[in-house]
Amino acid sequence: MNPFPDHLLASLARQHGTPLWVYDAATIRQRIAELRAFDTVRYAQKANSNLSILRLMRAHGVAVDAVSRGEIERALAAGYTADPLPGSTASGLVFTADLMDADTLATVVRHRVPVNAGSIDMLHQLGAASPGHAVWLRINPGFGHGHSNKTNTGGEHSKHGIWHSALGEALDAVRQHGLRLVGLHMHIGSGVDYGHLQQVCQAMVQLVAQAGAARLPDLHAISAGGGLSIPYQPGQPRIDTAHYFSLWDAARREVAALLGRPVTLEIEPGRYLVAESGVLLAEVRATKPAGSNHFTLVDAGFSDLMRPAMYGAHHGMHLIASAGTPPTPERPQRETVVAGPLCESGDVFTQAEGGVVLTRALPEARVGDLLVIHDAGAYGASMSSNYNTRPLAAEVLVDGGTARLIRRRQTVADLLALEAV
Ligand code: LLP
């Protein structure tokens, strides 16, 4: 999806240069509204952690998850604390990880951030430093599912979560340190289908039954994790959020019955809230034949948008002629490989998992055209790197009639300033 008219994108590219990330606030608000049935929507900020996006989430009552000390500091800078947001009982900020370094441990203790622990070692380290601290247990139910093997976060090949059969040991660690176990969490991957969803809901209920109410005196929430997909491919169905909710709501009611008290239901999406709000703009800088192939080379690479190179992910694209209009009909459609500027063969936006190069049918591109890469609001800017000493691109947030620069373009001087000779 692309929420923007071509003339707006062309004018933003002229004003701010390319590559450029552009996000639409209205699309984010719409996605938040679609998840309102859940007691708590907790945004997995790894998808896009720009401070302005976090502030937008917070203004709409969305809590936040952090997975590093840096993400905790971002959340604090955006106004989040461990206290609940107005009208909620859930902590505004939770830290989820499978390990904690010493700085991160000190940060969660200082700011009383509840810790969603993916290992029993984390419980011992936190318990020793901060007895009575609020914790969640992230449980690996023994199976997982993802849009790629790299985004499957359950099963025995995944490093994530406390293995389900170690629950007793985890509960012992909680009791030993006087930690307060407030929630149980499962996130089995990104791009989960309904079949796996049903399986994970059942696993959550079984977990509570296995532990027994007596060992869960402080438990008052369960989290469905994230993983809601979006239609990246044309014709891919949109997820039915009401159905998604109803499956988890049934699990929540079973858990509440086992505990004999109400339990709140959290969901923790990243992609669903932001992916479709964003595009990456790049300029066509060269076109060339290579044997039977044709290449369209643009000024954004996998240092900007890594998803095609990392997962073989598909992103829709279209061209805008340099005049800010769609390419005129006399330009023939052409199958082309769309690639970037990096000195690396895998720097291709049209590829399948495993690096197989694909082509895309686009109107024949000319130097100076803009390429719009769709559905780039999640895991785009947040996964960018400085490979080939390429500065991070600028980010713009469009809200109604205003477009605001929410991150300036990094400069090479910024990069060199970190280094000493
Ligand atoms: N909660 C936890 C504990 C997670 O590990 C993740 C994602 C989420 C929530 C949010 O998942 P989402 O709703 O966005 O699927 N870079 C990959 C995705 C990696 C996700 C890692 N964890 C991609 O571009 O597809």
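Cys343 sits in the loop that runs between strand 14 (333–339) and strand 15 (360–363), and in this predicted model it counts as exposed because 8 other C-beta atoms lie within 10 Å, where 12 or fewer is the limit for that class. Although Cys343 and Gly301 are 42 residues apart along the chain, their C-alpha atoms are separated by 9.8 Å.

- His111 belongs to the loop between helix 5 (102–110) and strand 5 (115–117).
- With 16 other C-beta atoms within 10 Å, His111 is partly exposed, because that class covers the counts between the exposed limit of 12 or fewer and the buried limit of 20 or more.
- From C-alpha to C-alpha, His111 and Leu93 are 9.8 Å apart in space, while in sequence they are 18 residues apart.

- Strand 2 (residues 40–44) is mostly covered, five of its five residues being buried.
- The side chains of strand 2 are divided between two directions, with Thr40, Arg42 and Ala44 pointing one way and Val41 and Tyr43 the other way, and all of these residues are buried.
- Strand 2 runs parallel to strand 10 (residues 264–267), to which two bridges join it, and within this pairing Val41 has Ile267 as its bridge partner.
- Strand 2 also runs parallel to strand 3 (residues 63–66), here through three bridges, and the partner of Arg42 in strand 3 is Ala63.
- A right-handed β-α-β unit is made by strand 2, helix 3 (residues 51–59) and strand 3.

**Strand 17 and its neighbours**

- Strand 17 (residues 394–399) is largely enclosed by the rest of the structure, because five of its six residues are buried.
- Strand 1 (residues 20–24) and strand 17 run parallel and are joined by five bridges, with Val22 of strand 1 having Val396 as its bridge partner in strand 17.
- The pairing of strand 17 with strand 18 (residues 402–407) is antiparallel and extends over five bridges, and in strand 18 the bridge partner of Leu397 is Arg404.
- Strand 17 and strand 18 form a hairpin with two residues between the strands, in which Gly400 adopts a positive phi near 60 degrees.

**The ligand shell**

- There are 19 residues around the ligand, and those that come nearest are Ser190, Gly226, Gly270, Arg271 and Tyr379.
- By class, this shell contains seven nonpolar, nine polar and three charged residues.
- Helix 10 (271–274) and helix 11 (307–311) each contribute at least two residues to the shell around the ligand.
- The ligand lies between domain 1 (36–268) and domain 2 (275–416), because both domains give residues to the shell around it.

**The annotated N-terminal domain**

- An unreviewed UniProt entry lists residues 37–275 as "domain: Orn/DAP/Arg decarboxylase 2 N-terminal".
- In the model, the span of residues 37–275 is 37% helix and 16% strand, and its end C-alpha atoms lie 21 Å apart.

Key
Residues numbered from 1 in each chain as written. Predicted model: local features only at pLDDT ≥ 70, side-chain atom pairs only at ≥ 80, totals over all residues. Near = placed C-beta within 6 Å. Helix = DSSP H or I, 4+ residues; strand = E, 2+ residues; numbered from the N terminus. Nonpolar A, V, L, I, M, F, W, Y, C, P; charged D, E, K, R; others polar. Domains from an automatic or database assignment. Pairing = 2+ DSSP bridges. Right-handed = clockwise from strand over helix to strand, strands pointing away. UniProt positions renumbered as here; feature names shortened; annotations may be inferred.
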